[in-house]
Amino acid sequence: MKIAMVGSGYVGLVSGACFADFGHDVVCIDKDQSKIDRLREGVMPIYEPGLDSLVEANVNSGRLTFTTDLAEAIHGAAAIFIAVGTPSRRGDGHADLSFVYAVAQEIGETLGNDAVVVTKSTVPVGTGDEVERIIAASGCKHRVSVVSNPEFLREGAAIGDFKRPDRIVIGAEDDFARETMREVYRPLFLNESPILFVSRRSSELIKYAANAFLATKITFINEMADLCEKVGANVQDVSRGIGMDNRIGPKFLHAGPGYGGSCFPKDTLALLKTAEDYDSPVRIVEAVVKANESRKRAMGRKVVEALGGMEAARGKQVALLGLTFKPNTDDMRDSPAIAVAQTLIDAGVTVKAYDPEGMELAKPLMPQVEMAQSSYEAIEGADAVVIVTEWDAFRALDLKRVKDLARAPLLVDLRNIYRPDDVRSAGFTYVSIGRN
């Protein structure tokens, strides 16, 4: 089957490469000529483990190609995926659907065969209806069914998530669409991956509801961590205790500095705006969004307190280890590190940082932060070492070397990746989240 993937960013590129690996003929389209040129040269626009080799293998096999010509690319395609960006719109927080609608217009004007058009981008309820209307109004003479097929890819584990999914959600309104999508996902169907066929609007809401619920779990355990510190409990024990309840589960119950990235901040906000539009407020999600934003700066204040308070912190130097919102990605969108660093800078602290993959994207977002070339370079002369992102490289630091390089043996672990006794026995003052 020929598949066209409009948009060669995170979702489009990963999905396109995986579909090609399933044996489909896939062409990825993007308006950015420089991005397409780099992809043809094997240069990935994002960091995702294993993506470069997956793309290379399928390009070499002839099943994966790249172009800027949408009209040529969709010719003969049985399924056309829309995987363009839907950022939060400035001013009101609604999802900006201008790119999605522009693609729908171009598809309608140039499509030369029957096809299924699939919104892979995360979009609010009712977007598929508008995509369908735009294509019909453009004068398209062919049979087109519009489907919602949300992605559930975790950055840093996207290829595994695509090939071994918890579920595949398909929102389709007719048999033509359902049969086409069964063929698209046939390799996974044969592997007995659960495929859930629902209405298009239900599919659109499933993605937002899932992300909002996961964001709620993160925010809940973060608030429990604060309570643990007050009462003398251990948040990791609390997390294990409630996570063993199979109605809850252990995932997303790890205390930290707050959620960030491309999905949770944008999708929770978009869900709030959709709920407002339909006069059906979701106050729990509203509270989650507010609590998460407050937490990021609170973690910066936690570091200031560990330095001795506002007066004592002024003029000191802090090493930030980890800048991306999570490990195994270069994504800096809404990363807690941005707010933590700014809070420290506002307190008169000098910040030096290191991240294995995110520093190039971090530089314009954190112009007052000095970037180091290694963990130990960032640590040299620091009055406190702060772990913000739980990269594997930070899990086994040479604590003796850290102590020798740092001006003061203070480790603030915002991800709880170290055992308190191990760090304290090495001669450090150790501050963690929700543990004593």
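Student: In this predicted model, where does Asp334 lie?

Tutor: Asp334 sits in the loop between strand 9 and helix 15. Its phi is near 55 degrees, a positive value in a residue other than glycine.

Student: Why is Asp334 called partly exposed?

Tutor: Its relative accessible area is 38%. Buried means under 20%, and exposed means over 50%. Asp334, at 38%, therefore counts as partly exposed.

Student: What makes Asn328 partly exposed?

Tutor: The cut-offs are again 20% and 50%. Asn328 has 31% relative accessibility, so the label is partly exposed. Asn328 is in the loop between strand 9 (317-321) and helix 15 (336-346). Asn328 is a residue other than glycine with a positive phi, near 65 degrees.

Student: Now helix 10. How do you know whether Asn211 is buried or exposed?

Tutor: Compare the value with the cut-off. Buried means under 20% relative accessible area. Asn211 has 6%, so it is buried. Asn211 belongs to helix 10 (residues 200-231).

Student: Which residues is Asn211 in contact with, leaving aside its neighbours within four places in sequence?

Tutor: They are Cys263, Phe264 and Asp267. Contact here requires heavy atoms within 4.5 Å.

Student: And how far apart are the C-alpha atoms of Asn211 and Asn149?

Tutor: They are separated by 15 Å, and the two residues are 62 apart along the chain.

Student: Turn to helix 3. Why do its buried residues line one face?

Tutor: Start with the list. Leu51, Leu54, Val55 and Asn58 are buried in helix 3 (residues 51-61). Viewed along the helix axis, the buried residues fall within an arc of 95 degrees, so they line one face. On the other side, Glu56 and Asn60 are exposed.

Student: What do the buried residues of helix 3 pack against?

Tutor: Their partners are helix 1 (10-21), strand 3 (64-67) and helix 7 (158-163).

Student: Which residue follows helix 3?

Tutor: Gly62 follows, with a positive phi near 85 degrees.

Student: What makes strand 7 and strand 8 a pair?

Tutor: Pairing needs at least two bridges between the strands. Four bridges join strand 7 to strand 8 (residues 195-198), so the two count as paired. They run parallel. Gly171 stands opposite Val198 of strand 8.

Student: Which way do the residues of strand 7 point?

Tutor: Ile168 and Ile170 point one way from strand 7 (residues 168-171). Val169 and Gly171 point the other way, and all are buried.

Key
Residues are numbered from 1 along each chain as its sequence is written. This is a predicted model: local features need pLDDT of at least 70, side-chain atom pairs count only at pLDDT 80 or more; totals for chains, interfaces and linings use all residues. Side-chain values use heavy atoms; hydrogens and water are left out. Buried means under 20% relative accessible area, exposed over 50%, partly exposed in between (1.4 Å probe, protein chains only). The arc is that of the directions from the helix axis to the C-beta atoms.
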